Amino acid sequence: MERLPSITRAAERVHLSQSAMSNALGHLRDYFEDELLVQVGRRLELTPRAEVLREAVRDVLVRIDTSIAAQPQFDCTNSDREFRLCISDYSMEVLLPRVLANASRLRSTVRFRLQPQVAYPAHALERGEADLLVIPKAYVSPDHPTDMLFNDEFVCAVWRESSHARRGLGFEDYASAGHVVMQPVDTDKPALESWFVQRFGLSRRIEVTTYSFAALPFLVVGTERVATAHSMLARAVEPALPIKLMPLPMPMPPFEQAMQWHKHRSLDPGLLWLRDVVKQAARGLPDGETRASASS
């Protein structure tokens, strides 16, 4: 959830006193001949003029930050740079261990800050809050460059003692079963529901909703419920759980994972290094299908 405007928080972020920030706001109001921030009840809200200015100002700030921070060369063995990655717990389990292992083999001294995904991940790039997104292809922004990383498939995870495990899982069984699903943060619909409605004209009977992909196989244990899970993640936890993995009873497009970065940072030497480390990690996935081409 996006924070509401606050003069006090803004002053803290730029290391000014509240009075100095208020004076600066006054100068901006005079310059733009607009209030920019107005009191609505107990909170401040942006005026329409301020909303128009916000994205343009963010773009300028990202350009300035890129110009200041960019170094002509990048040496991963002698850098204390912190890379901020927005990433789901699925990719954190499947991909990130390989990324970190690759960085260690290169004797890298960089640091990684892993941040949760949100409903509109490109906003994190545009606000300068993330260096790299690792996200499904369906969520990439057309405004920034993208590299495809790997594909995965979906499987059904069921409790080993359930009737589904004993008798099999046909389409009617799947459609009538209770389901455990992952629902992304800041949205009101689980990730696959739109596809099911469009393709089959039905909504699954959702009985448990979680914010974690990794939790899905755990949450069917002891029940008759079904979880539709990423194959690589489900197979990684299968030996530790009393579950059975079964093929989906209907065709489903593969899950396509991508990475994305801000268009103004395409030539950042440090980010070029990180992108290569991530791509190398994706190529090493046991079932991952990597793609070398990039699109802008």
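## Exercises around strand β12

The bridge partner of N151 in β12 is E256. The model is predicted, and for this reason local features need pLDDT of at least 70 and side-chain atom pairs count only at pLDDT 80 or more, whereas totals for chains, interfaces and linings use all residues. Residues are numbered from 1 along each chain as its sequence is written, and side-chain values use heavy atoms, with hydrogens and water left out.

**Exercise 1. State how many helices and strands the protein chain holds, and what share of its residues is buried.**

Step 1. The protein chain has 11 helices and 13 strands, where helices (H or I, at least four residues) and strands (E, at least two) are DSSP runs, numbered from the N terminus.

Step 2. Of the 296 residues in the protein chain, 42% are buried; buried stands for under 20% relative accessible area, exposed for over 50%, and partly exposed for what lies in between (1.4 Å probe, protein chains only).

Step 3. Among contacts with a separation of 6 or more in the protein chain, 75% join residues 24 or more positions apart, a contact being heavy atoms within 4.5 Å.

**Exercise 2. Work out which strands pair with β12, and how many of the residues of β12 are buried.**

Step 1. Strand β6 (residues 146-152) runs antiparallel to β12 and is joined to it by 6 bridges; two strands pair if DSSP finds at least two bridges between them.

Step 2. Strand β5 (residues 132-136) is also antiparallel to β12, with 4 bridges between them, and L133 has Q260 as its bridge partner in β12.

Step 3. In β12, 5 of the 6 residues are buried, so the strand is largely enclosed by the rest of the structure.

**Exercise 3. Describe the surroundings of T146: is the residue buried or exposed, and which side chain does its own side chain contact?**

Step 1. T146 belongs to strand β6 and counts as buried because its relative accessibility is 7%.

Step 2. The side chain of T146 makes a polar contact of 3.0 Å with the side chain of Q260. A polar contact is a pair of N or O atoms within 3.5 Å; within protein, one must be able to donate a hydrogen and the other to accept it, and residues adjacent in sequence count only if both atoms are side-chain atoms.

Step 3. L133, the residue bridged to Q260, is 13 residues from T146 along the chain, and the C-alpha atoms of T146 and L133 are 9.4 Å apart.

**Exercise 4. Locate H262 and find which backbone atom its side chain reaches.**

Step 1. H262 is in the loop that lies between β12 (255-260) and α11 (269-283), and its relative accessibility of 2% makes it count as buried.

Step 2. The side chain of H262 reaches the backbone nitrogen of H264 at 3.0 Å.

**Exercise 5. Classify the pair of rings formed by Y90 and F213.**

Step 1. A pair of aromatic rings is described by the distance of the centres and the angle of the planes.

Step 2. There are 9 aromatic pairs in the structure, and in the pair of Y90 and F213 the ring centres are 6.4 Å apart and the planes stand at 70°, so the pair is edge-to-face. Rings of Phe, Tyr and Trp (its six-membered ring) pair if their centres lie within 6.5 Å, with planes under 30 degrees apart counted as stacked, over 60 as edge-to-face and the rest as tilted.

Step 3. Because Y90 lies in helix α4 (residues 89-94) and F213 in the loop between β9 (205-210) and β10 (226-230), the pair ties together parts that are 123 residues apart in sequence.

Step 4. Y90 and F213 are both buried, and one aromatic cluster is formed by Y90, F150, F154, F213 and F255.

**Exercise 6. Find which ring lies under the charged end of R275.**

Solution. The charged end of R275 sits over the ring of W261, at 3.7 Å from the ring centre; the criterion is that NZ of Lys or CZ of Arg is within 6 Å of the ring centre and within 35 degrees of the ring normal.
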